[in-house]
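I opened a new model today and kept notes as I went. Here is what I looked up, starting with the aromatic rings.

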Amino acid sequence: MLNRKSEIRPIVSALLHTYEVDGLEPFCIAFLEKLLQQKVTFPLLEFAAEATYQQLAEIEHLPFCNNIAAHHTMGGNVVVAIVLKERLSGHFEESFAEAAKFIAQGQKWYVSDIIGERVFGNGILQFPEEALEKLKQFREHESKWVVRSIGAGCHLATKRGINKEVATKVFQLLLSLGDSKEHQIRKGIGWAAKTMARLHPDIIELYHREIEAESVGNWFRRKVNIGLERHRHA
């Protein structure tokens with residue numbers, strides 16, 4: 001298991017040298033072999049992804065992501081997510097669209113959560129209005145995994161400290177999915193609702209009547225109540 005930055009720095013350096021000398025395709029092969037087929041902690045994969053983003057030509061960011069995602073490694077989702085996160089400021093729409101594409105292709109809960117947290121969550125933190133508008137559109141996405149990822153993004157943004165105005169809009173988004181019958185969507189949205197209740201119980205109180213509405217599932221209320229209980233015991 002690689003779990004120290006001192007261990008991974010020389011590996012990343014050698015990989016980036018491969019890119020400079022041989023180009024993208026040999027770099028992707030080496031990246032897979034040296035990092036993604038080894039046991040490496042997520043924070044170190046994030047470090048490697050940030051270094052890759054900085055070194056690669058901008059035109060090769062998305063080809064790199066496509067290549068890495070094609071191998072379906074768990075760590076590859078972290079790498080792809082970080083590259084897309086780093087591209088948010090200059091390519092917001094594209095980064096959200098690519099993230100949704102990779103989540104839908106992955107068809108696994110951990111793909112949804114890993115990418116959703118890092119891309120959609122950081123999108124809310126950096127560009128709340130644009131991100132929430134895009135996530136509202138994703139409510140109708142054909143992939144349940146993409147809809148689940150809305151919860152992952154909202155969870156991370158809430159945990160990282162969005163202000164009250166943004167938190168209120170995030171909760172409105174979550175509440176709008178509180179009637180879902182799909183298990184995977186319930187898991188993602190419920191996770192975020194629990195986090196919101198733990199950190200912003202006043203928002204829950206503000207929407208008490210809406211939460212108790214017949215259209216809202218009991219699963220949603222249960223997650224909110226767990227969050228409120230954790231807030232009381234914090």
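**Aromatic rings.** I began with ring pairs and found that the structure holds 13 aromatic pairs. For this I took the rings of Phe, Tyr and Trp (its six-membered ring) as paired if their centres lie within 6.5 Å; planes under 30 degrees apart count as stacked, over 60 as edge-to-face and the rest as tilted. I picked out F120 and F138: their ring centres are 5.6 Å apart and the planes sit at 50°, so I noted the pair as tilted. F120 belongs to helix α7 (residues 109-126) and F138 to helix α8 (residues 128-138), so this pair ties together parts 18 residues apart in sequence. Helices here are DSSP runs (H or I, at least four residues; strands are E, at least two), numbered from the N terminus.

Are F120 and F138 buried or exposed? I found both F120 and F138 buried, where buried means under 20% relative accessible area, exposed over 50% and partly exposed in between (1.4 Å probe, protein chains only). I also wrote down one aromatic cluster, formed by F92, F96, F120, F127 and F138.

**Ground rules.** This is a predicted model, so I kept in mind that local features need pLDDT of at least 70 and side-chain atom pairs pLDDT 80 or more, while totals for chains, interfaces and linings use all residues. Residues are numbered from 1 along each chain as its sequence is written, and side-chain values use heavy atoms, with hydrogens and water left out.

**A histidine.** Next I looked up H155, which is placed in helix α9 (residues 144-160). Its relative accessible area is 7%, so H155 goes down as buried. What is H155 in contact with, leaving aside its neighbours within four places in sequence? I listed E117, W191, A192 and T195, with contact meaning heavy atoms within 4.5 Å.

**The whole chain.** Then I stepped back and counted 14 helices and 0 strands. The C-alpha trace spans about 60 × 35 × 30 Å along its principal axes. Of the 234 residues, 53% count as buried. I also checked contacts between residues at least 6 apart in sequence, and 75% of them join residues at least 24 apart.
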